[in-house]
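Here is a short tour of one protein model, written for someone new to reading structures. Keep the 3D view open and click along as you read.

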Amino acid sequence: MRGVIFDLDGTLADTSGDLIAAANACFRGLGLGDVLDPATDAGTALKGGRAMLRLGFARTGTHGEDEVDRQYQPLLRHYEAAIDTHTVLYPGAMAAVRDLRGAGYKVAICTNKPEGLARQLLGSLGVLEDFGAVLGADSLPVRKPDPEHLHETARRAGADPAQVVLVGDTDTDRNTARNAGVPSILVTFGPGGGDMAALEPEGLIGDYSELSAEVGRLIG
């Protein structure tokens with residue numbers, strides 16, 4: 001059974017605004033103010049909470065890795081409390097997902113966001129039931145780019161791990177697919193879109209209307 005496995009942040013949804021708001025809440029709590037700018041720091045936001053904290057502390061010249069660790073759980077709590085204030089699904093994303101399901105593909109999500117937060121967000125957006133499986137950073141002892149994260153996501157969705165394509169937006173997604181021996185399709189409309197071609201994925205899309213044809217080309 002063929003499958004299409006999606007990353008979440010920066011691939012299906014632009015979550016950067018809410019992630020940056022959570023990080024800025026941490027910085028405000030330390031008396032640093034709003035350090036990150038949602039207009040210019042979206043790319044860092046989609047690399048995760050610790051990446052945002054490191055950038056903020058580097059920008060202010062304060063604190064080190066110990067404080068990154070201390071602020072990580074508060075950041076997750078801030079994010080959980082306001083997870084969908086600014087987040088939007090990318091245009092055409094869910095139409096593409098439903099078209100793939102209608103064509104017989106299994107669809108699932110493999111994300112390095114904690115699974116509980118991923119499920120909360122998908123539920124808030126009204127699309128959780130569209131996916132056959134959702135695995136996050138804490139679902140297994142390993143996470144992307146370890147290939148087992150992708151393989152187990154495929155298995156739980158009912159797909160053959162050797163017959164899937166991974167749709168993502170970062171070098172982590174590209175490396176996960178490479179490590180798993182399957183093709184990747186990277187989106188070019190996210191914050192890191194300008195860098196995607198340099199990663200040499202098997203496919204690139206600039207709009208979700210292009211996804212079905214690329215999936216068909218790569219895995220039939």
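Start with R28 and D34, which form a salt bridge: their closest N and O atoms are 2.6 Å apart. Keep in mind that this is a predicted model.

By the rule used here, the count comes to 16 salt bridges. Take R155 as your way in. The side chain of R155 meets that of E148 in a salt bridge, at 2.2 Å from N to O. R155 also forms a salt bridge with E152, and there the closest N and O atoms are 2.9 Å apart.

Why does E152 sit about one helical turn from R155? The two are three residues apart in helix α7, which covers residues 147-157, and that spacing is about one helical turn.

| Salt bridge | N to O distance |
|---|---|
| R28 and D34 | 2.6 Å |
| E148 and R155 | 2.2 Å |
| R155 and E152 | 2.9 Å |

A159 is found in the loop between α7 and β6, the strand at 164-168. Is A159 buried or exposed? It is buried, with a relative accessible area of 7%. A look at the neighbours of A159 brings in other parts of the chain. Leaving out residues up to four places away in sequence, A159 touches M1, R2, G3, K106, A154 and V164.

D41 is another loop residue worth a stop. It is found in the loop between α1 and α2, the latter being residues 42-45. With a relative accessibility of 5%, D41 counts as buried. Which residues does D41 touch, not counting those up to four places away in sequence? They are I20, L36, L55 and R59.

Now for a pair of helices. Two packed helices are described by the angle between their axes and the distance between the axes. Helix α1 (residues 16-29) and helix α3 (residues 49-60) pack at an angle of about 50 degrees, and their axes are 10 Å apart. The two helices are therefore oblique to each other. As for handedness, α1 passes α3 in a right-handed crossing. Who actually meets whom? From α1 come L19, I20, A23, C26 and F27, and from α3 come M52, L53, G56 and F57. What kinds of residues make up this contact? They divide into eight nonpolar, one polar and no charged.

Most residues other than glycine have a negative phi, and most peptide bonds are trans. H63 has a positive phi, near 65 degrees, without being a glycine. Its place is in the loop between α3 and α4, with α4 at 65-81, and H63 is partly exposed, with a relative accessible area of 45%. E200 is also a residue other than glycine with a positive phi, near 55 degrees. You will find E200 in the loop between β7 (184-187) and β8 (203-205). E200 is exposed, with a relative accessible area of 61%.

And the peptide bond? The one from K144 to P145 is cis, with omega near 15 degrees. P145 has its place in the loop between β5 (134-135) and α7.

Note on methods:
Residues are numbered from 1 along each chain as its sequence is written. This is a predicted model: local features need pLDDT of at least 70, side-chain atom pairs count only at pLDDT 80 or more; totals for chains, interfaces and linings use all residues. Side-chain values use heavy atoms; hydrogens and water are left out. Axes are lines fitted to C-alpha atoms, for helices over the stretch in contact, and angles run from 0 to 180 degrees between N-to-C directions. Helices (H or I, at least four residues) and strands (E, at least two) are DSSP runs, numbered from the N terminus. Angles under 35 degrees count as roughly parallel, over 145 as roughly antiparallel, 65 to 115 as roughly perpendicular and the rest as oblique. A crossing is left-handed if the near helix is turned anticlockwise from the far one by less than a right angle, and right-handed if clockwise. Contact means heavy atoms within 4.5 Å. Ala, Val, Leu, Ile, Met, Phe, Trp, Tyr, Cys and Pro count as nonpolar, Asp, Glu, Lys and Arg as charged, and the others, Gly among them, as polar. A salt bridge is a side-chain nitrogen of Lys or Arg within 4 Å of a carboxyl oxygen of Asp or Glu. Buried means under 20% relative accessible area, exposed over 50%, partly exposed in between (1.4 Å probe, protein chains only).
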